[in-house]
Amino acid sequence: EHAIAACVATVISTYIPGEPIWLFFVGLPSSGKTTIIESFGSSNMYCEAQSELHSTMLVSGAKSADGRDVSFLPTLKQRTLLIKDYTTVVSMDHKSQEKLYAILRDAFDGTYKKQYGNGEIRCFTGIKFGMIAGVTKVIHGDSRSSLGERFLKIEYHEEDEFDEHTHALAAMRSSSRKAERTEILQRSMLGFVDHLISNMPDEESRPKVAEESEFEGRVIQLALLVSYLRAQVDRRGDDSLLYRPGKEIASRLSVQFKKVSECLMLIFGLTEPNELIYNVLRKLAIDSCIPFNVEFARILHNHPEGISRNELEFELQIPSTNVHRICNDLLQLGIIRVRAESNGKKSGRPKHVYVLNPVIASLWDATVESDFNVRVQSEAPVVRRRKQNESSSVSSDQSVELPERNQTRRRVKRTPNRTFNET
């Protein structure tokens, strides 16, 4: 439900001012990614589906027989581009990828201009559009962060909740009625999208993330966490560093997360964000990170006393060479730190353990480990929760308190919505 809601939010986001939402819809092969993407139709006033994507298709210096510009990019204005299999882009040679991403970077900002050798000039303005690209987990190995990450990611299925037997059985039994079911799904999905866009409130009355609100603080904290956990280290062929790496500034992520939240409020019929909106946003944020970075952060968060490299290898069940490489990258990015401890002997080398950067640990506590409804309630439940922690076997100094913020806590008004669930 969260992944589908994120896709619908991407489609309607083109009708809300601000930066576009580009989404990688990540899933295993044959997991149903294409079915969901096809539910938005192939070519209509809201979406445009394409099997592949390359630079010469988006912008061309050629003209048609009647002198028209044949570039595809300007036709996407205020629509959503659907790519059923983005894996073909990931498998492109580096030069072709660079040409494509150069166009996409400018298109994300709404303006593109290029002059060709034949004298033709292509200049497009106000061309912001959304994008949903279905892709396998190979996308996690595609380093685009150094070029300025524009895409968010969301996993279609949670691996611990995915029932492969039930999924295969349903696919087998419905195979003879695929065309009929696709038509029904498209009619339902496009009908819901049309309802949302046709009844889109104006700027004055559209639900928004309130300034200085508790939820706005959470959005920023999520953006900061993702800016660390999706950073990567660029290396030369001999494994040496190209430059001293660093994370991105979290401003773009904050703007994107805020816009997604406001779209989700429209989808679920809410006037204010609540725990449902936050749960979808949190999944979107964590899925947008590099999976190994998240795994390391989670393990180190569970071991505040520190953990050795051998223990990490055992916890992750991956080769020691991979653990060594990832630890070095995380050290360069400032996500983890290394600490020397006594080995318990009179001589010999000290034991080195890895610990999570306190900044990351604080952000993790405030976002991943905490539910939004806990922080928007009154102080009384929080006090009771602390007392429970103090009476438990865990010592009080191990319990993590959420950062204090000078805002007024508000009770969220919950508005039931059946339209999205029915769809």
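The charged end of Arg 218 is placed over the ring of Tyr 278, at 4.9 Å from the ring centre, in what is a predicted model. A second contact of this kind involves Lys 247, whose charged end sits over the ring of Tyr 228, 5.0 Å from its centre.

From these charge-over-ring contacts we turn to the sheet. Five strands make up an open sheet in the order E2-E3-E6-E1-E7, and their pairing is parallel. Strand E2 (47–50) and strand E7 form the edges, since each of them pairs on one side only. From one strand to the next, the twist averages 20°.

Across the whole structure, a search finds nine aromatic pairs. One of them joins Phe 24 and Phe 151, whose rings are stacked, with 4.1 Å from centre to centre and 15° between the planes. Because Phe 24 belongs to strand E1 and Phe 151 to strand E7 (residues 151–155), this pair ties together parts that lie 127 residues apart in sequence. Phe 24 has a relative accessibility of 3%, and therefore counts as buried, while Phe 151, at 4% relative accessibility, is likewise counted as buried.

The pair formed by Phe 25 and Tyr 156 has another geometry: the ring centres are 5.0 Å apart and the planes stand at 45°, so the pair is classed as tilted. Here Phe 25 lies in strand E1, whereas Tyr 156 is in the loop between E7 and helix H6 (164–173), so that the pair ties together parts 131 residues apart in sequence. Both Phe 25 and Tyr 156 are buried. Phe 24 and Phe 151 also belong to one aromatic cluster, together with Trp 22, Tyr 86, Phe 108 and Phe 129.

Helix H9 is mostly covered, with 14 of its 18 residues buried. Just after H9 comes Gly 269, which takes a positive phi of about 70°.

Most residues other than glycine have a negative phi. Ser 30, however, has a phi near 65°, a positive value in a residue other than glycine. Ser 30 is located in the loop between strand E1 (22–26) and helix H2 (33–38), and with a relative accessible area of 69% it is exposed, because the cut-off for that class is over 50%. Gln 317 likewise has a positive phi, near 60°, without being a glycine. The loop that holds Gln 317 runs between helix H12 (309–316) and helix H13 (320–333), and Gln 317 counts as exposed at 61% relative accessibility.

Note on methods: Residues numbered from 1 in each chain as written. Predicted model: local features only at pLDDT ≥ 70, side-chain atom pairs only at ≥ 80, totals over all residues. Heavy atoms only, no water. Helix = DSSP H or I, 4+ residues; strand = E, 2+ residues; numbered from the N terminus. Buried < 20%, exposed > 50% of the residue type's maximum accessible area, 1.4 Å probe, protein only. Phe/Tyr/Trp six-rings, centres within 6.5 Å; stacked < 30°, edge-to-face > 60°. Lys NZ or Arg CZ within 6 Å of the ring centre and 35° of its normal. Pairing = 2+ DSSP bridges. Axes fitted to C-alpha atoms, helices over the stretch in contact; angles between N-to-C directions.
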